[in-house]
Amino acid sequence: MSNLDLPQLEALAAVVDEGSFDAAARRLHVTPSAISQRVKSLETAAGTVLLRRSKPVQVTAAGTPYLRLAHQIGALIAEVTVDGLAQRPTSVPIAVNGDSLNTWVLPALAELSDHVDFDVRREDQDHSAEMLRQGVVMAAVTTSDEPVQGCSVTRLGIMRYHPMCSPAFRRRWLPDGPSGEALTRAPMLVFDRSDDLQDRYLQQWGPVTVPTRRHYIPSSADFAEAVRHGIGWAVLPRQQCDRMEIGVDLVDLAPGTGIDVTLYWQQWTLKTAALEELSEAIVAAAATALD
């Protein structure tokens, strides 16, 4: 990685962040051909392909260390000050799962939003560590306590999920109470194809068949609303349940059962003021919100 060209690294990061060469050109105020030339020159110097020209553009395994380096340099440059004033707000890309984003993370970000720009990537907590490995984000809320190379790990706490449905749904689908068989027959709500929380919860009822009916609702707030409207049953974070009236909007279909998800904060070991400030805010918010 000797004799690296900073504009070339900046172009690489912009293409991955924005998802296309055209969008990267708009961000950097140059032409798309200039972005393409810079990336090609960097790939020539590296002797390998660094970007997969897909939609959106993705970094290759060989490009991962270059992308990480580009973000690290960008973060350090953003903190350079002249006469005590930063030249521009620091941009911090982070990965957060939808439930955390919808319940406790946004208030933490609000405290810093006047001087830090956030690029929040919504990613399932079981997969967000991969974004750290790729160098796409600088920090992530994850379920992995195994530190990604170049990262540190802090335990945040436990997010508790309770099995919920609407009163009308319970009368329609669970008239004799919950059981593994009844739950597999009833329509289930699932966030997306990577969401296995409901399936993991069902395993607590012993050997069960795969549910035949699933509704996919890829939005955390709309997901809880779908439960309230009786579209299906699902496990919901305690924090979302607290926002609704239990017994009227929602009912716990099997009190005393549920599933716990332990969350961790992984961040680059590279020290920047913005990242450290963000980490302190996230850890403090988790200490209040999580069990």
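Me: At what angle do helix 5 and helix 12 pack, and how far apart are their axes?

Reply: In this predicted model, helix 5, covering residues 98-110, packs against helix 12, covering residues 273-289, at an angle of about 140 degrees, and the two axes lie 9 Å apart. Angles over 145 degrees would count as roughly antiparallel, and helix 5 and helix 12 are therefore described as oblique to each other. Their crossing is right-handed.

Me: Which residues make the contact between helix 5 and helix 12?

Reply: Helix 5 contributes Trp104, Val105, Ala108 and Leu109, while helix 12 contributes Leu278, Ala281, Ile282, Ala285, Ala286 and Ala289.

Me: Turning to strand 13, how many of its residues are buried?

Reply: A residue counts as buried when its relative accessible area is under 20%. In strand 13, which spans residues 259-268, eight of the 10 residues are buried, so the strand is largely enclosed by the rest of the structure.

Me: Which way does strand 7 run against strand 13, and how many bridges join them?

Reply: Strand 7, residues 139-142, runs antiparallel to strand 13, and four bridges join the two; Thr142, for example, has Tyr264 of strand 13 as its bridge partner.

Me: And how many bridges pair strand 8 with strand 13?

Reply: Strand 8, residues 151-165, pairs with strand 13 over 10 bridges, in the antiparallel sense, and the bridge partner of Ser152 in strand 13 is Gln267.

Note on methods: Residues are numbered from 1 along each chain as its sequence is written. This is a predicted model: local features need pLDDT of at least 70, side-chain atom pairs count only at pLDDT 80 or more; totals for chains, interfaces and linings use all residues. Side-chain values use heavy atoms; hydrogens and water are left out. Axes are lines fitted to C-alpha atoms, for helices over the stretch in contact, and angles run from 0 to 180 degrees between N-to-C directions. Angles under 35 degrees count as roughly parallel, over 145 as roughly antiparallel, 65 to 115 as roughly perpendicular and the rest as oblique. A crossing is left-handed if the near helix is turned anticlockwise from the far one by less than a right angle, and right-handed if clockwise. Contact means heavy atoms within 4.5 Å. Buried means under 20% relative accessible area, exposed over 50%, partly exposed in between (1.4 Å probe, protein chains only). Two strands pair if DSSP finds at least two bridges between them.
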